[in-house]
Each structure stands twice: as structure tokens, then as C-alpha cells.
Amino acid sequence: MATQVLQPILARDIMTTRLVTLSPQMDVFDAIGLLLKHQISGAPVVDGDGRLVGTVSEKHCMSALVEGACHQLPTTEVWAYMETDPRTISEDTDLLTIAQIFLTAPTRRLPVMRDGELVGQVSRRDVLRAAHRMMEVQPNREIALLYLSSLVEREAAPIRQ
């Protein structure tokens with residue numbers, strides 16, 4: 001039986017392209033409504049020209065709620081609570097690299113950029129779904145794991161034995 005050669009899984013293969021985006025001037029409570037309506041835990045924040053200027057998560061929204069309850073807020077606009085320098089990836093970022101980023105960073109989603117433009121987003125769940133799918137179609141799971149391990153030099157592995 002011939003061994004199936006696995007192709008690298010890249011961000012472009014697993015990213016969501018139909019994004020719910022927020023604007024910096026949007027009221028944070030309206031942003032919470034959008035996150036709840038779309039059952040998502042965060043969203044990219046884009047300016048009037050569609051450029052990524054930050055991200056907002058459930059945690060940022062909770063911060064706004066707590067500050068609103070405990071302090072007089074100067075504003076309830078999204079820009080005051082968003083992550084202004086979010087970690088991003090390119091469309092060519094491979095699955096293992098994305099997984100390593102998620103293991104070392106507190107973020108649950110990564111904006112995907114092409115030539116400085118937001119083109120999608122990859123979540124932790126997207127990574128797990130892709131890895132699970134890869135293991136399902138590969139009859140020998142050891143080969144699938146070997147494929148993943150071949151993407152990174154042993155010295156650069158996130159966990160060394």
C-alpha cells in the first residue's frame with residue numbers, strides 16, 4: 001500500500017474569510033451584542049479603510065463592563081479596550097507554527113494578513129479541526145504526527161525532551 005504524501009496545511013486552507021469586524025468608534029456594548037449574536041469570542045477591529053487596527057476579545061469586553069461598574073468611564077468606544085498591536089500571521093503560515101503561537105500567546109484567534117491587508121482569521125478551533133481532519137484521513141496517525149514534527153527543527157520545537 002502506497003503511503004499518502006501529506007501536503008502542508010497553511011493558514012489560507014483553514015482561515016475564516018467571512019469576518020465579523022468592529023470599528024474603533026463602535027460602542028463596546030454594541031460590540032458585545034455582535035459577539036453574542038454571532039457566537040464568537042472576539043473580532044478584528046478595522047478602520048474606515050478596512051485596515052486592521054486591533055482586536056477585541058470577550059476579555060476586553062469584560063474589562064469594559066467591570067470598569068463601567070466601578071469607575072466613571074471617559075468613553076465606551078471599542079478603541080479604548082482593544083488590543084492595538086495584535087499578533088498576526090500570513091496566509092503561508094503552516095499549521096504547526098500557528099499551533100505554537102497559540103500555545104505561547106493568550107490569544108484565541110490570529111488575523112491573517114496579505115500585503116498588509118486583513119484577509120481572514122484563524123482560531124484555536126480551526127487549528128484543532130484541521131489537525132483532527134488530517135489524522136482522520138491518514139490511516140497511520142504516526143505518519144501524520146511525523147509530518148507535523150518534520151515542519152520544525154528539533155531545537156526549535158516548543159517542548160523538548
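**Walking through a predicted fold**

Leu-36 is exposed, with a relative accessible area of 62%. Here, buried means under 20% relative accessible area, exposed means over 50%, and partly exposed is what falls in between (1.4 Å probe, protein chains only). You are looking at a predicted model, in which local features need pLDDT of at least 70 and side-chain atom pairs count only at pLDDT 80 or more, while totals for chains, interfaces and linings use all residues. Residues are numbered from 1 along each chain as its sequence is written, and side-chain values use heavy atoms, leaving out hydrogens and water.

Let's begin with the overall plan. The protein chain has six helices and five strands, and along the sequence they follow the pattern α-α-β-β-α-β-α-β-β-α-α. These elements are DSSP runs numbered from the N terminus: helices are H or I with at least four residues, and strands are E with at least two. Of the chain's 161 residues, 40% count as buried. Contact means heavy atoms within 4.5 Å; among contacts between residues at least 6 apart in sequence, 57% join residues at least 24 apart.

Now return to Leu-36, which lies in helix 2. Which residues of helix 2 are buried? They are Val-28, Ala-31, Ile-32 and Leu-35. Seen down the helix axis, these buried residues fall within an arc of 105°, so they line one face of helix 2. That arc is taken from the directions between the helix axis and the C-beta atoms. After helix 2 comes Gln-39, with a positive phi near 55°.

Helix 4 (95-104) also has buried residues: Leu-95, Leu-96, Ile-98, Gln-100, Ile-101 and Phe-102. At its start, a side-chain oxygen of Asp-94 reaches to within 3.1 Å of the backbone nitrogen of Leu-96.

Next, look inside. In soluble globular proteins, nonpolar side chains tend to be buried together. A nonpolar core is a set of buried Ala, Val, Leu, Ile, Met, Phe, Trp, Tyr and Cys residues joined through side-chain atoms within 4.5 Å. The largest such core here has 18 residues, and Ile-14, Ile-89, Leu-95, Ile-98, Val-112, Val-122 and Val-127 touch the most other members. Helix 1 (11-14), helix 4, strand 4 (109-114), strand 5 (117-123) and helix 5 (124-137) each supply at least two residues of this core. Apart from it lies another core, of 13 residues, among them Val-28, Ile-32, Val-56 and Val-78.

Charged residues come next. Side chains of opposite charge can pair when their charged atoms come close. A salt bridge is a side-chain nitrogen of Lys or Arg within 4 Å of a carboxyl oxygen of Asp or Glu, and the structure holds six of them. One of these joins Arg-114 and Glu-91, with the closest N and O atoms 2.8 Å apart. This pair links distant parts of the chain, 23 residues apart: Arg-114 is in strand 4, and Glu-91 is in the loop between strand 3 and helix 4. Is Glu-91 buried or exposed? Glu-91 is buried, at 10% relative accessible area, whereas Arg-114 is partly exposed at 40%. Leaving aside neighbours within four places in sequence, the contacts of Glu-91 include Leu-10, Ala-11, Met-15 and Val-112.

Arg-108 and Glu-58 meet in another salt bridge (3.5 Å, N to O). Those two are 50 residues apart, with Arg-108 in the loop between helix 4 and strand 4 and Glu-58 in helix 3 (residues 58-70). Arg-108 counts as partly exposed at 43% relative accessibility, and Glu-58 is partly exposed at 36%. Elsewhere, Asp-47 and Arg-51 meet in a salt bridge (3.1 Å, N to O); together with Asp-49 they are linked in a network of salt bridges.

Finally, find Ser-57 in strand 2 (residues 52-57). At 13% relative accessibility, Ser-57 counts as buried. Not counting residues up to four places away in sequence, Ser-57 touches Ser-41, Gly-42 and Arg-109.

Conventions: Polar contact = N/O pair within 3.5 Å; in protein donor to acceptor, adjacent residues only side chain to side chain.
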